[in-house]
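Here is a short note for a first look. Please read the points with the structure open.

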Amino acid sequence: MNRIKIILIFFSMLLCITGCTPAQEETEKELILPATIPSFVQKSDIETIDWDRKAVKFGDSGMIGNENKSGVIGAGMPSLNGQKWMWHLWGTENATNTELTVVGFHRESGTVHPILIDGWSLKLGGENNGADAHIPSSVKIPKSGEWAILLYTNGELFDTVVYNIHK
(Lines give C-alpha, C1' and ligand atoms only; values in the text may rest on other atoms or scores of the structure.)
Protein backbone atom coordinates (compact mmCIF):
# COMPACT_ATOMS: atom_id res chain seq x y z
CA MET A 1 0.00 0.00 0.00
CA ASN A 2 2.89 2.39 0.74
CA ARG A 3 4.36 1.64 -2.67
CA ILE A 4 1.13 2.63 -4.38
CA LYS A 5 1.02 5.94 -2.47
CA ILE A 6 4.65 6.66 -3.33
CA ILE A 7 4.03 5.87 -7.01
CA LEU A 8 0.91 8.05 -7.04
CA ILE A 9 2.78 10.93 -5.39
CA PHE A 10 5.66 10.55 -7.86
CA PHE A 11 3.35 10.62 -10.89
CA SER A 12 1.38 13.54 -9.45
CA MET A 13 4.59 15.53 -9.02
CA LEU A 14 5.77 14.57 -12.51
CA LEU A 15 2.45 15.66 -13.99
CA CYS A 16 2.62 18.96 -12.11
CA ILE A 17 6.17 19.67 -13.28
CA THR A 18 5.35 18.78 -16.88
CA GLY A 19 2.19 20.89 -16.82
CA CYS A 20 4.04 23.90 -15.37
CA THR A 21 6.85 23.89 -17.94
CA PRO A 22 6.07 25.98 -21.04
CA ALA A 23 6.13 24.09 -24.29
CA GLN A 24 8.86 24.99 -26.77
CA GLU A 25 6.30 26.60 -29.06
CA GLU A 26 5.24 28.96 -26.27
CA THR A 27 8.77 30.07 -25.38
CA GLU A 28 9.90 30.73 -28.97
CA LYS A 29 7.81 33.23 -30.92
CA GLU A 30 7.05 32.16 -34.44
CA LEU A 31 8.26 34.73 -36.95
CA ILE A 32 5.33 35.99 -38.98
CA LEU A 33 5.97 38.12 -42.05
CA PRO A 34 3.42 40.85 -42.86
CA ALA A 35 1.04 40.01 -45.71
CA THR A 36 2.22 43.04 -47.70
CA ILE A 37 5.95 42.23 -47.55
CA PRO A 38 7.61 41.47 -50.91
CA SER A 39 7.71 37.74 -51.65
CA PHE A 40 11.51 37.61 -51.96
CA VAL A 41 11.98 38.41 -48.24
CA GLN A 42 12.70 35.11 -46.49
CA LYS A 43 12.38 34.17 -42.83
CA SER A 44 15.88 32.69 -43.05
CA ASP A 45 17.25 36.18 -43.82
CA ILE A 46 15.92 37.34 -40.46
CA GLU A 47 16.84 34.19 -38.54
CA THR A 48 20.51 34.56 -39.53
CA ILE A 49 20.98 38.21 -38.45
CA ASP A 50 24.38 38.85 -36.85
CA TRP A 51 23.34 41.02 -33.89
CA ASP A 52 26.99 41.59 -32.96
CA ARG A 53 27.64 43.43 -36.24
CA LYS A 54 26.45 46.86 -35.09
CA ALA A 55 26.30 49.90 -37.34
CA VAL A 56 29.32 52.21 -37.02
CA LYS A 57 29.90 55.86 -37.87
CA PHE A 58 32.19 56.40 -40.86
CA GLY A 59 33.13 59.04 -43.42
CA ASP A 60 32.95 62.83 -43.19
CA SER A 61 29.19 63.16 -43.57
CA GLY A 62 28.09 61.42 -40.36
CA MET A 63 27.08 58.24 -42.11
CA ILE A 64 26.19 55.23 -39.94
CA GLY A 65 26.13 51.67 -41.23
CA ASN A 66 28.50 49.03 -42.56
CA GLU A 67 31.45 50.83 -44.15
CA ASN A 68 31.96 50.18 -47.88
CA LYS A 69 28.60 48.37 -48.07
CA SER A 70 25.70 50.55 -46.83
CA GLY A 71 25.29 53.67 -44.77
CA VAL A 72 22.65 56.16 -43.74
CA ILE A 73 22.83 59.88 -43.12
CA GLY A 74 20.22 60.71 -40.48
CA ALA A 75 20.41 57.45 -38.53
CA GLY A 76 22.62 59.17 -35.95
CA MET A 77 19.59 61.05 -34.63
CA PRO A 78 16.83 58.46 -34.92
CA SER A 79 13.33 59.49 -33.99
CA LEU A 80 10.23 57.45 -33.31
CA ASN A 81 8.21 60.34 -34.74
CA GLY A 82 9.59 60.04 -38.27
CA GLN A 83 12.49 61.69 -40.04
CA LYS A 84 14.56 61.82 -43.23
CA TRP A 85 17.28 59.24 -43.89
CA MET A 86 19.54 59.18 -46.94
CA TRP A 87 20.55 55.64 -47.89
CA HIS A 88 23.96 55.03 -49.53
CA LEU A 89 25.08 51.75 -51.11
CA TRP A 90 28.47 50.61 -52.39
CA GLY A 91 28.91 47.73 -54.79
CA THR A 92 25.71 48.19 -56.78
CA GLU A 93 25.82 47.94 -60.55
CA ASN A 94 23.56 50.03 -62.76
CA ALA A 95 22.26 51.80 -59.66
CA THR A 96 19.61 53.94 -61.36
CA ASN A 97 17.77 50.75 -62.41
CA THR A 98 17.96 49.28 -58.90
CA GLU A 99 15.08 48.99 -56.46
CA LEU A 100 15.98 49.23 -52.77
CA THR A 101 13.69 47.37 -50.37
CA VAL A 102 13.99 48.16 -46.65
CA VAL A 103 12.73 45.70 -44.01
CA GLY A 104 12.92 46.40 -40.27
CA PHE A 105 13.09 43.62 -37.67
CA HIS A 106 12.57 44.57 -34.01
CA ARG A 107 14.62 42.14 -31.92
CA GLU A 108 12.74 42.36 -28.61
CA SER A 109 9.26 41.82 -30.05
CA GLY A 110 10.35 39.55 -32.90
CA THR A 111 8.23 41.54 -35.36
CA VAL A 112 8.82 42.72 -38.93
CA HIS A 113 7.87 46.26 -40.00
CA PRO A 114 8.13 48.51 -43.02
CA ILE A 115 10.50 51.37 -42.14
CA LEU A 116 9.89 53.55 -45.19
CA ILE A 117 6.80 55.72 -44.81
CA ASP A 118 5.79 55.15 -48.45
CA GLY A 119 5.96 51.33 -48.51
CA TRP A 120 8.69 48.74 -48.71
CA SER A 121 10.72 49.91 -51.72
CA LEU A 122 12.30 52.90 -53.51
CA LYS A 123 14.15 53.36 -56.81
CA LEU A 124 17.82 54.20 -56.18
CA GLY A 125 19.54 57.26 -57.63
CA GLY A 126 23.12 57.60 -58.81
CA GLU A 127 26.40 58.24 -57.04
CA ASN A 128 26.64 60.50 -53.99
CA ASN A 129 29.06 60.96 -51.08
CA GLY A 130 31.39 58.35 -52.59
CA ALA A 131 28.67 55.67 -52.74
CA ASP A 132 27.61 53.99 -55.99
CA ALA A 133 23.94 54.71 -55.29
CA HIS A 134 21.81 56.76 -52.91
CA ILE A 135 18.21 57.76 -52.20
CA PRO A 136 16.62 60.06 -49.61
CA SER A 137 13.52 58.77 -47.85
CA SER A 138 11.12 59.42 -45.01
CA VAL A 139 11.28 56.74 -42.32
CA LYS A 140 9.35 55.93 -39.19
CA ILE A 141 10.64 53.55 -36.56
CA PRO A 142 7.59 52.06 -34.79
CA LYS A 143 9.19 51.47 -31.36
CA SER A 144 12.45 51.81 -29.49
CA GLY A 145 14.94 48.98 -29.16
CA GLU A 146 17.42 47.02 -31.21
CA TRP A 147 16.61 46.91 -34.93
CA ALA A 148 18.06 45.00 -37.85
CA ILE A 149 17.45 46.83 -41.10
CA LEU A 150 17.60 44.39 -44.00
CA LEU A 151 18.39 45.97 -47.35
CA TYR A 152 17.47 44.22 -50.59
CA THR A 153 18.47 45.33 -54.08
CA ASN A 154 16.33 44.03 -56.92
CA GLY A 155 14.99 41.22 -54.74
CA GLU A 156 18.34 40.01 -53.34
CA LEU A 157 19.54 40.51 -49.75
CA PHE A 158 22.26 43.16 -50.03
CA ASP A 159 23.16 44.02 -46.43
CA THR A 160 21.87 44.04 -42.85
CA VAL A 161 22.52 46.99 -40.54
CA VAL A 162 21.92 46.76 -36.78
CA TYR A 163 20.88 49.95 -34.99
CA ASN A 164 19.91 50.73 -31.38
CA ILE A 165 17.04 53.23 -31.50
CA HIS A 166 15.83 54.64 -28.21
CA LYS A 167 14.35 58.09 -28.93
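1. Some terms come first. Two strands pair if DSSP finds at least two bridges between them. Strands are DSSP runs (E, at least two residues), numbered from the N terminus.

2. This is a predicted model: local features need pLDDT of at least 70, side-chain atom pairs count only at pLDDT 80 or more, and totals for chains, interfaces and linings use all residues. Residues are numbered from 1 along each chain as its sequence is written, and side-chain values use heavy atoms, with hydrogens and water left out.

3. Start with β2 (residues 63-66) and β3 (residues 70-73). They run antiparallel and are joined by three bridges. G65 has G71 in β3 as its bridge partner.

4. Both strands belong to an open sheet of five, in the order β1-β2-β3-β4-β8, with antiparallel pairing. At the edges lie β1 (56-58) and β8 (133-139), each pairing on one side only.

5. Now turn to β5 (residues 99-106).

6. Which strands does β5 join? Seven bridges link β5 to β9 (residues 145-153), antiparallel, and V102 is partnered with L151 there. Three bridges link β5 to β7 (residues 121-123), also antiparallel; E99 is partnered with K123.

7. β5 also pairs with β6 (residues 111-114), antiparallel, over four bridges. G104 has H113 as its partner in β6. The two strands form a hairpin with four residues between them, and G110 in the turn has a positive phi of about 70°.

8. Last, check I165 in β10 (residues 156-165). I165 counts as buried because its relative accessibility is 1%. I165 and L80 lie 85 residues apart in sequence, and their C-alpha atoms are 8.2 Å apart.

Terms used:
Buried means under 20% relative accessible area, exposed over 50%, partly exposed in between (1.4 Å probe, protein chains only).
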